[in-house]
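Let's take a walk through this one, strand by strand and then helix by helix. Have the viewer open and follow along.

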Amino acid sequence: MDQNMTLEKRIAAELYSYQGKMSVFVDDLQGHTVEMGADEEFETASTIKAYILAVLYLQASRGKASLTEEIEYRPEHFVDGSGMLRALGVGAKLKVKDTATMMIICSDNIATNMVIDYLGLETINACIKELGFAHTVLHNPLHFDRYEKLGTTTPRDYASLFAQVAKGTLVSAEASAEMLAIFRQQHYNTMLTHDFPQFYLDCEETGEPERIWVASKSGSMNACRNDGGIIHTPYGEYVIVLMNKDFHDIIEYDGHPAMVYGARVSRMIFDQILACEGKLYRN
């Protein structure tokens, strides 16, 4: 029996009633993958911020950017949406790494524009390609009143980014470790974790060992609902990416069908990994 196909068929059956399109890429980091629409192009929404973080560390490794340099929040960086920097006001100054951290952990849109301005749009896209993400592009800064699109990517590209972080090969082992620490602080991972056993996700509250943790970056716009990252289990890590489009309800809320079905698929993968002790299927 081809157990990998069996898992794909189970996922397809789960998504049969979903009124939208979900693509799935899972990598158990041991040579096994699940690929369903892995090369389909999607609007990135805020998942592009993970690529921008990788470019920042690449440029810092070359001495072409500094994580400790201060950059200023200027009027042209303002944009509505997620984040906290607009509460500080124009003129606020932050270190580049702190700005990038805000870009990831609370998906701060103003911080993102500050980092894009600091690195340069053309440099970001050139470095994204250099890092091997051939089907990913940042089209423009975040200004929803001017641009309809933010970025384009594929589940395969996004999974590759997190797989390299997990293996310590994205830019360097040190850079990967720093990026992993930032991704672990990301606030918005409902699609990946909603159906997980919450007891083991909140070790600070329960006092239990940290058996499960997530390092991820989600993204949501009218056009899409995306999530992806690294899931740590007692048997090691795996990478999962879920990208959604062509659904009817554009309003953002935790009970959105993309979130509900995404959480179900994520739990199916999680259970499979645990049942096979860290792999997608047994050899």
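Start where β3 meets strand β7 (residues 151-153): the two pair in the antiparallel sense over two bridges. Strands here are DSSP E runs of at least two residues, helices are H or I runs of at least four, and both are numbered from the N terminus; two strands pair if DSSP finds at least two bridges between them. Look across from E43 and you'll find T152 in β7. Both strands belong to an open sheet of three strands, ordered β3-β7-β6, with antiparallel pairing. Its edges are β3 (42-43) and β6 (137-138), each of which pairs on one side only.

A word on what you're looking at: this is a predicted model, where local features need pLDDT of at least 70 and side-chain atom pairs count only at pLDDT 80 or more, while totals for chains, interfaces and linings use all residues. Residues are numbered from 1 along each chain as its sequence is written, and side-chain values use heavy atoms, leaving out hydrogens and water.

Now hop over to strand β1 (residues 21-27), which pairs with β2 in the antiparallel sense over four bridges. The two make a hairpin with five residues between them, and L29 in the turn has a positive phi of about 65°. V26 sits opposite V34 in β2. In a regular strand the side chains alternate between the two faces of the sheet. Buried means under 20% relative accessible area, exposed over 50%, and partly exposed in between (1.4 Å probe, protein chains only).

On to the helices. The axes of helix α3 (residues 96-105) and helix α7 (residues 173-183) come within 9 Å and cross at roughly 50°. The contact (heavy atoms within 4.5 Å) is made by K97, T101, I104 and I105 of α3 and E178, I182 and F183 of α7.

K64 counts as exposed, at 61% relative accessibility. K64 and L119 are 55 residues apart in sequence, yet 8.8 Å apart in space, C-alpha to C-alpha.

Last stop, the cysteines. The structure holds zero disulfides (pairs of cysteine sulfur atoms within 2.5 Å). For C224, the nearest cysteine sulfur, that of C106, is 19 Å away. C224 is buried, with a relative accessible area of 1%, and C276 is buried too, at 9%.

Notes
Axes are lines fitted to C-alpha atoms, for helices over the stretch in contact, and angles run from 0 to 180 degrees between N-to-C directions.
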